[in-house]
Amino acid sequence: MVTIPLRIGGHAADGARVRDVRSPFDGGVVHRVAVAGPEHLERALVAAVAAVAPMEALAGYARAAALERAAALLAERASLFASVICAEGGKPIRYAKGEVERAIRTLEASAAEAVRLDGDAPALDSAPQGAGRFAVVRRHPLGVVAAITPFNFPLNLACHKVGPALAAGNAVVLKPSERTPATGLLLGALLDECGLPAGAVNVVVGDDPALGARLVEDPRPAAVSFTGSPAVGWALRARAGTKRVTLELGGNAAVVVDRSADLEDAASRLADAAFAHAGQVCISVQRVFVHRDVHARFRALFLAKIASDVRAGDPTDPLVTIGPMITAEAVDRVEAWVAAAQARGARVTRFGERRGGVLPAIVVEGAPLDADVHRREVFGPVVTLDPVDSFAEGLARADDSEFGLQAAVFTADLGAALEAERRLTVGAVIVNDAPTFRVDTMPYGGEKASGLGREGVAHAVRSFTRERLLVIRT
Ligand code: NAD
């Protein structure tokens, strides 16, 4: 079995030791990876710093060409990446393939942005002392960007950081999740083939969370871009000092189904979006509020759609939509939250039995408002379903959350759609589709505990630059 090495300074590098990576589905060893210790992180940072000047000197067209090459190589290796994502992350192969397709487009969009880094030319003659002055705002790379990524989209979310950081002329140290290390390491190897200066991208994975904390605290990165859980993200921000920090964190996405909605369409879209990848998606549908007038009909359609379309099992099966949860602890946590809601009077419908790490689709109705399945991020194949007396009540319930990533409403009423956009404290309101909707170029990010700043390729590129004003007395 091959050992997948770290990537430091443009080369493969051994780690402190080698570790088996096991399938979350059957526990079998799927590959081995090198594990970084503090000394490897140090070497990665030194390599990244050495790449700052060559990256700054690289013209836009050359950065774009390297990213286009990366996208082309990823397209060539698409089936390898999909099978690695499926094997180590337990992501059903149909979604793993979809993630690779998205990552290719994320890199292509990054290439396009690399040649669009323009600035403004603000007029300064708003006051007498500004007359006879010419001004221009230019964008410069930050230097070294630290990128930390989660297990659930190990490729595309890494590309959302690395692609824009390189497009803007930075060097990167990427620390992927220890649960899905090989995907990030293989991405690093691929980027080393793209004609970038040595050390433009360095990839280290460890076993110890302290590796991420060390990267965030180190003075050399100028920016930290983190995607992961709220607890870890906010704690890391507190350790980041004056660095620029972007946080893409979790949520408990809500949906309001209005009485004017196309119920069949809503039921079908939500049945898929609530359970894909076992609900281990930050914008997975978690809470559904349905106008009481149409609740019974929607409920029947929704449950029928889950029964017919959602399938739990082996993630390598192309028909499976729910694969394993990432860890046994995650399964136990989700089961405990569902049991706690049930003990307090909720009705629970399970679409099958638990098999090892694979949970069935679970619908929870009538859970108390303060139950964990409502309040916290379930991050599992669980959705709550409750009637509301009015669309306005649905919006209020949807917004009653410490999180605010994305939300959705199904309605035929334009006024209701606009009201939702006004009322909901989230990064995006999706009308007539699931809150899980995302195109990789759209601005994306959360409010409240769900994050800080925005990704989406153009936004991320700008976040990895510093603006500098040049004023010339003419
Ligand atoms: P996680 O927070 O456990 O891990 C994320 C990253 O942080 C990993 O690289 C991990 O190694 C590292 N890490 C973990 N503990 C650390 C610590 N104490 N110090 C430093 N680094 C540490 O998250 P996860 O389980 O991999 O991913 C699931 C979470 O990510 C969910 O909350 C989900 O909603 C969120 N997520 C958000 C988005 C988004 O775009 N908003 C996308 C995907 C996932």
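Tutor: Let's start at Glu-335, which is found in helix α11. Helices (H or I, at least four residues) and strands (E, at least two) are DSSP runs here, numbered from the N terminus. Before going on, some ground rules: this is a predicted model, where local features need pLDDT of at least 70 and side-chain atom pairs count only at pLDDT 80 or more, while totals for chains, interfaces and linings use all residues. Residues are numbered from 1 along each chain as its sequence is written, and side-chain values use heavy atoms, with hydrogens and water left out.

Back to Glu-335: its relative accessible area is 19%, so it counts as buried. Buried means under 20% relative accessible area, exposed over 50%, and partly exposed in between (1.4 Å probe, protein chains only). Skipping residues up to four places away in sequence, Glu-335 touches Arg-350, Arg-354, Leu-359 and Ile-362. Contact here means heavy atoms within 4.5 Å.

Next, the sheet beside that helix. Seven strands make up an open sheet with mixed pairing, in the order β14-β15-β16-β13-β12-β18-β19. The edge places go to β14 (347-350) and β19 (428-431); each has a single partner strand, so one side of each is left without a neighbour in the sheet. On average, and ignoring direction, neighbouring strands of this sheet are turned by 20° against each other. Axes are lines fitted to C-alpha atoms, for helices over the stretch in contact, and angles run from 0 to 180 degrees between N-to-C directions. Helix α11 (residues 328-343) packs on this sheet and touches β14, β15 and β16, with its direction at about 30° to that of β15.

Zooming in on one pair, strand β15 (residues 362-365) and strand β16 (residues 382-388) pair in the parallel sense over four bridges. Two strands pair if DSSP finds at least two bridges between them. Val-363 has Val-383 as its bridge partner in β16. Elsewhere, β10 (residues 223-227) and β11 run parallel and are joined by five bridges, with Ala-223 standing opposite Arg-244 in β11. Strand β11 (residues 244-248) is mostly covered, as four of its five residues are buried.

Now for the cores. The largest nonpolar core has 86 residues, and Leu-74, Phe-81, Val-100, Leu-155, Leu-166, Val-173 and Val-204 have the most contacts inside it. Such a core is a set of buried Ala, Val, Leu, Ile, Met, Phe, Trp, Tyr and Cys residues joined through side-chain atoms within 4.5 Å. Helix α4 (residues 93-114) supplies the largest share of this core, nine residues. Apart from it lies another core, of 48 residues, including Phe-275, Trp-337, Ala-367 and Ala-408.

Val-173 shows how many parts meet at one residue. Leaving aside neighbours within four places in sequence, its contacts include Leu-41, Leu-45, Val-204 and Leu-215.

There's a helix pair to look at too. The axes of α1 (residues 38-57) and α7 (residues 210-217) come within 11 Å and cross at roughly 35°. The contact is made by Pro-38, Leu-41 and Leu-45 of α1 together with Leu-211, Arg-214 and Leu-215 of α7.

Helix α6 (residues 181-191) is another covered piece: 11 of its 11 residues are buried, so it is largely enclosed by the rest of the structure. Among those buried residues are Thr-183, Gly-184 and Leu-187. Thr-183 also turns up among the contacts of Pro-154, alongside Ile-85, Glu-99 and Thr-180, leaving aside neighbours within four places in sequence. Pro-154 is found in the loop between β7 (144-148) and α5 (156-167), and is buried with a relative accessible area of 3%. Its C-alpha atom is separated by 13 Å from that of Ile-104, 50 residues apart along the chain.

Most residues other than glycine have a negative phi. Ala-278 has a positive phi of about 55° although it is not a glycine; this residue is in the loop between α9 (263-275) and β13 (287-291) and is buried, with a relative accessible area of 1%. Lys-448 also has a positive phi, near 50°. Lys-448 is found in strand β20 (residues 447-448) and is partly exposed, with a relative accessible area of 33%.
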